[in-house]
Amino acid sequence: MTGVRIVGIGGTLRAESTSEQALKYAVNAAAELGAETELIVATELDLPMYAPGRQLPAAALRLLDAIRRADGLIVSSPGYHGGISGLLKNALDYLEVLAAEPRPYLHGKAVGCIVAAAGWQAGATSLMSLRSTVHALRGWPTALGAVVNSSAKPFDPKTRDQLSTVGRQVLDFARARVELC
Ligand SMILES: Cc1cc2nc3c(=O)[nH]c(=O)nc-3n(C[C@H](O)[C@H](O)[C@H](O)COP(=O)(O)O)c2cc1C
């Protein structure tokens, strides 16, 4: 079986962040199925506002390096006012640095998308917003995206099943692509 590397990115700076817990659940599911995994949580994504040409902070270089080496990603955002958080969007804007690389942006990488929100409306619109950003970065959002209602914790069996399916789909796609290339 081909070894693949999956990087989980997301969460918020809030203690007991639901989006971070959901991210960890999905990443652990991929790890249990044999993926090599790495987590990059909100404290490491708390970057200065991205500006083209500005010197890159060390944390941004670490993020970019992790993404370069990843075969697949799992990205988890809170639903903030109907979209993804500014913190996560800003971190993803740093991927502009990868534009001219042999594998630009998220080219050829499966991306599992997760949103945690207090209500279903923001969950749905924020998941669309996250998937649109992944598409714009040339990533491949997995067939299943997961929405977690943060007012219903601990995660119920259906939510846990969705999160582990997202992890498994990223792993399956990443393995297939690694074997193909
Ligand atoms: C700035 C802000 C905006 C939010 N906007 C919405 C919203 O539009 N709809 C919603 O259902 N929940 C909204 N929420 C609630 C969050 O989606 C919810 O608390 C989520 O769990 C936050 O992620 P976290 O638990 O990882 O911190 C908002 C919370 C904050 C702090």
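The points below go from the ligand to the salt bridges and then to one residue of a helix.

The model is predicted, so local features are given only at pLDDT of at least 70 and side-chain atom pairs only at pLDDT 80 or more, whereas totals for chains, interfaces and linings use all residues. Residues are numbered from 1 along each chain as its sequence is written, and side-chain values use heavy atoms, with hydrogens and water left out.

**Ligand surroundings**

- The ligand is surrounded by 16 residues, the closest being Thr12, Arg14, Ser17, Ser19 and Gly79, where a residue is taken as near if one of its heavy atoms lies within 4 Å of the molecule.
- By class, this shell holds six nonpolar, nine polar and one charged residues; Ala, Val, Leu, Ile, Met, Phe, Trp, Tyr, Cys and Pro count as nonpolar, Asp, Glu, Lys and Arg as charged, and the others, Gly among them, as polar.
- A polar side-chain atom of Ser17 lies 2.6 Å from an oxygen atom of the ligand, and a backbone N or O atom of Gly79 lies 2.7 Å from an oxygen atom of the ligand.
- A polar backbone atom of Ala118 is 3.4 Å from an oxygen atom of the ligand; a polar contact is a pair of N or O atoms within 3.5 Å, and within protein one atom must be able to donate a hydrogen and the other to accept it, with residues adjacent in sequence counting only if both atoms are side-chain atoms.
- Taken alone, the ligand exposes 620 Å², of which the protein buries 71%, with accessible areas from the Shrake-Rupley method and a 1.4 Å probe, and with only the protein chains shown counting as cover for residues.
- Helix H1 (18–32) and strand E4 (110–117) are the elements that give two or more residues to the shell; helices (H or I, at least four residues) and strands (E, at least two) are DSSP runs, numbered from the N terminus.

**Salt bridges**

- A search of the whole structure finds seven salt bridges, each defined as a side-chain nitrogen of Lys or Arg within 4 Å of a carboxyl oxygen of Asp or Glu.
- Glu36 pairs with Arg5 in a salt bridge whose closest N and O atoms are 2.4 Å apart, and this pair links strand E2 (residues 36–41) with strand E1 (residues 5–10) across 31 residues.
- Arg5 is buried at a relative accessible area of 13%, whereas Glu36 is partly exposed at 48%; buried means under 20%, exposed over 50%, and partly exposed in between (1.4 Å probe, protein chains only).
- Arg5 also forms a salt bridge with Glu38, the closest N and O atoms being 2.5 Å apart, and these partners, in strands E1 and E2, are 33 residues apart.
- Arg68 forms a salt bridge with Glu101 at 2.9 Å between the closest N and O atoms, which links helix H3 (residues 58–69) to the loop between helix H4 (86–93) and E4.
- Arg68 is partly exposed at 39% relative accessible area, and Glu101 is partly exposed at 24%.
- Through shared partners, salt bridges join Arg5, Glu36, Glu38, Asp65 and Arg69 into one network.

**Leu92 in helix H4**

- Leu92 is found in helix H4 and counts as buried at 6% relative accessibility.
- Not counting residues up to four places away in sequence, Leu92 touches Leu130, Thr133 and Leu137, contact meaning heavy atoms within 4.5 Å.
- Leu92 and Asp71 are 21 residues apart in sequence and 17 Å apart in space, C-alpha to C-alpha.
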